[in-house]
Amino acid sequence: MDALGPIAQGFATAFEPARVLYCLLGVVVGTVVGVLPGLGPAATIALLLPATYRLDPVSAVIMLAGIYYGSQYGGSTTSILVRIPGESSSMVTCYDGYEMTRQGRAGAALGMAALASFVAGTAAVGGLMVVAPLLGRFALAFGPAEYASLMILGLTLVAWLGGASLLRSLAMAVTGLLLATVGQDPVAGVERFTFGTQALLDGIDLVPVFMGLFGIAEVLETMERPPDRQRLPAPTGLWPTRRDFRDAAAPVARGTVLGFLLGVLPGGGATIASIASYVTEKRFAKNRARLGQGAIEGVAGPEAANNAAATGSFIPLLTLGIPANVVMAMMLAALTLHGIRPGPLLVTEHPDLFWGVIASMYLGNALLLILNLPLVGLFIQILRVPYPVLAPLILLFCLIGSYSVTGQVAEVATMVGFGVGGYLFRKLGFDGSSGGRWRSRCARRSRSPRAASRSSSRARSRSRSCWRRPRRSRRPRSRGGRPAAARRRR
Amino acid sequence: MTARRARADAVGGVLLLLLAAVAGLAGRALPFGAPGQPGAGFFPRALTLLLAALALALLIRGLARPAPDFTEPWRDPGARRRLLLMTGALVGYVAAVGTLGYLVTTAALFVVMVRGVGGRGWTHTLVVAAACSAGSWYLFGRLLRVTLPAGALLP
């Protein structure tokens, strides 16, 4: 019972009326920051830091933590509705979330994103309570060799599962690595591919790249159609279906565990966790052939992962005093500002703060769910804006988002360059999310009545073969008994 | 479909070969270092070689198959016009925003997109352009204190 004492005390601390209000304020600001471009949680926390000086430390940290995990909820909204990632951790949500919007299922995608975020966020807080000190030590054991192995594993998986052609995926992965070498060499300080410009000295930032590859390229592709055919379909429902819940359960569970573990690692965080979850779903999800074409798994898994990671990243900060990412560095600054030194002694020296902040996360996640579900109906009204007006608004969001990274026009130029280049490579079939013909055939087969009646083990092996032997797609199929409708579609 | 993608492979291969060539040229002076102690040029050069090999493989694969068209969406003159207008508007924005400032260039972007690309009437276009330009400037620049591009001549 002794162990439960501080936890109960934490709940009592977090549920004081004033602290509930600060928690609410934090998560509302976080949601707004997540939705709006150009404002990230790190910048917002930096802006609000002086304002928290008058608060007591527990209230201050409760509010600032709310901004961070609240932004993970909000980040998915623009990814799903207009294919612009509100936060970099919502990048992969663009793939299936936006496809669902195109199919008139924006409400289901937004609802599932909020629910997955809630489940993962709450479960991760549970994990934070139970295994925080243990995982803190595990994170410290990760050295350069482990990180390099993790990176190689990630790249290999992305290339292998990324699209219809291994050669194209590998070429894109290597191009990405080559672009990452732009800027000052971190060891020797030598300038690489900067062409004498100041703007490239720090390398190419991810935000303009994402905004270009997703936002701008998408608007360009829509421009291929005449204005009267550009409008996105009106959403048919506001709530995920029963089947959506069934399909999303396992991805949410996997995303939560994966996100939590990756969030704990210094240098890791919500972005890596969401990408890792998407890659995992491409391998393990029941309907993996449909991923990239509007599958609920592609929204539920990554959204669960980025929230679990946001919570997990508090572990190294609270237990070791090591910030796992830039937002946690801002939190460290906030704690230091209030004269608190996070580290192994924090639990014993400031149990009210440690357990109070953790308990407030339960409250914050519940508040976020209550806030976000009714907002689904409001957000999807965006789709009713005529596309000739929506398109420049999307461009404007991308322009502001890119510019605000460093305050240089060069960032906007980078975004435009990646937008036009991304559009071109999409036309050439290099877009990892679109998958190509073979995958869509797999999807059709998995949806056909015959496929549904086959045994699950056969379905698994067949679906796996979709990935391993793309060449088979060109072989004429003359198997009898195929449904007439499916034959006609071919 | 197969043939379309084959041609796409060839074009993609050529583009990536060009990128590898640019990277090779721009990075030729970077110190390579030794195997035990890689220099700043080690990683870029290895990646350039790898990219060139992959691009070449894509090109060969593309050429080895029949090559009809993947440019179907661009055949419609209206689509070509819209795509070029939008690309031009974005490039123009980047070029002009440093001089003319956020308000004017953003309004101009809206005029091109709503009138030129979307084909809306002038009144509608001007109202939307003015409202969105000034509204976003006030919301982001003033209320939320986001850094917006400021021109040499105008805000």
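Which residue of chain A forms a salt bridge with B:D9? I shall answer that at once, and then turn to the wider contact. Please bear in mind throughout that this is a predicted model.

The partner of B:D9 is A:R168, and the closest N and O atoms of the pair are 2.8 Å apart. Between chain B and chain A, the count of salt bridges is one. Polar contacts between these two chains amount to six residue pairs, with both residues at pLDDT 80 or more.

Which parts of chain B meet chain A? Four helices of chain B each give two or more residues to the side that touches chain A: α1 (2–26), α2 (42–63), α3 (77–117) and α4 (122–143). Of these, α3(B) gives the most, with 17 residues. Sorted by class, this side of chain B holds 45 nonpolar, 10 polar and seven charged residues.

Let us now consider the contact as a whole. Chain B supplies 62 residues and chain A supplies 59. The size of an interface is often expressed as the accessible area lost when the parts come together. Here, the two chains bury about 5,200 Å² between them, and 81% of that area lies on carbon and sulfur atoms.

Finally, I turn to one helix of chain A. Why is helix α5 of chain A, residues 93–102, described as largely enclosed by the rest of the structure? The description holds because eight of its 10 residues are buried. Among them are A:C94, A:Y95, A:D96 and A:M100. Just after α5(A), the residue A:G104 adopts a positive phi of about 80°.

Definitions and conventions. Residues are numbered from 1 along each chain as its sequence is written. Chains are lettered from A and ligands numbered from 1 in the order in which they are written. This is a predicted model: local features need pLDDT of at least 70, side-chain atom pairs count only at pLDDT 80 or more; totals for chains, interfaces and linings use all residues. Side-chain values use heavy atoms; hydrogens and water are left out. Contact means heavy atoms within 4.5 Å. Buried area is the accessible area (1.4 Å probe) that two parts lose on being put together, summed over both. A salt bridge is a side-chain nitrogen of Lys or Arg within 4 Å of a carboxyl oxygen of Asp or Glu. A polar contact is a pair of N or O atoms within 3.5 Å; within protein, one must be able to donate a hydrogen and the other to accept it, and residues adjacent in sequence count only if both atoms are side-chain atoms. Ala, Val, Leu, Ile, Met, Phe, Trp, Tyr, Cys and Pro count as nonpolar, Asp, Glu, Lys and Arg as charged, and the others, Gly among them, as polar. Buried means under 20% relative accessible area, exposed over 50%, partly exposed in between (1.4 Å probe, protein chains only).
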